[in-house]
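Please keep the sequence and the structure in view while reading.

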Amino acid sequence: MVLSQYSISRKVPGLSLIILIILFLVGTYIYNGKKLYNLFKQRNNLRVGYESEVAVGQGLQNLAKSEFNIFHDFPAQKNFNIDHIAVGPQGIYAVETKGRAKFEKTENENWKLQFDGEKLFFPGWVETNRLISLFAKPNGFKSG
């Protein structure tokens, strides 16, 4: 008799409380999943950028055999740097490196890149914003 009185008097959470807890857990799961996805995406972009800069830097080192001095990661302003600078008898060249992840599938020549002198033509988009010469607008660069 004591046991049956205990189970009858014990309060069972209402259906609305259970739904509220489930909604909270699902919302937390979705929020954290989205944050985790964005972190992995940012990490991948940083990795692609780093690997691109290393590959270009290694390629430019071949110019050292042709009387060029190569400088990497040159600080120009507080929040601006030049990825690579090649100084040689023919002139001074600034190289800005931008990396892009490749397509997972190689089809319909989606790996080809074309340049018409002003624009880079990628499969699916055209890049013009990044092709600005540092010497055309030398903001922050001082001579002497």
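A nonpolar surface patch of about 850 Å² is formed by L15, I18, I19, I22, L23, V26, Y29 and I30. The model is a predicted one, in which local features need pLDDT of at least 70 and side-chain atom pairs count only at pLDDT 80 or more, while totals for chains, interfaces and linings use all residues. Residues are numbered from 1 along each chain as its sequence is written, and side-chain values use heavy atoms, with hydrogens and water left out.

**Nonpolar patch**
- Patches consist of residues with over 30% relative accessible area and no salt bridge, nonpolar side chains (Val, Leu, Ile, Met, Phe, Trp, Tyr) being joined within 5 Å and like charges within 9 Å; the areas come from the Shrake-Rupley method with a 1.4 Å probe, and for residues only the protein chains shown count as cover.
- Y29, one of the patch residues, is found in helix α2 (helices are DSSP runs of H or I, at least four residues, numbered from the N terminus).
- With a relative accessible area of 68%, Y29 is exposed (exposed means over 50%, buried under 20%, and partly exposed in between, with a 1.4 Å probe and protein chains only).

**Salt bridges**
- The count comes to two salt bridges, each defined as a side-chain nitrogen of Lys or Arg within 4 Å of a carboxyl oxygen of Asp or Glu.
- R47 and E51 pair at 3.2 Å, N to O, and both lie in helix α2 (residues 15-60), four residues apart, about one turn of the helix.
- R47 is partly exposed at 39% relative accessibility, and E51 is partly exposed at 43%.
- K98 and E96 also meet in a salt bridge, at 3.2 Å, N to O; K98 is partly exposed at 46%, and E96 is partly exposed at 43%.

Terms used: Helices (H or I, at least four residues) and strands (E, at least two) are DSSP runs, numbered from the N terminus.
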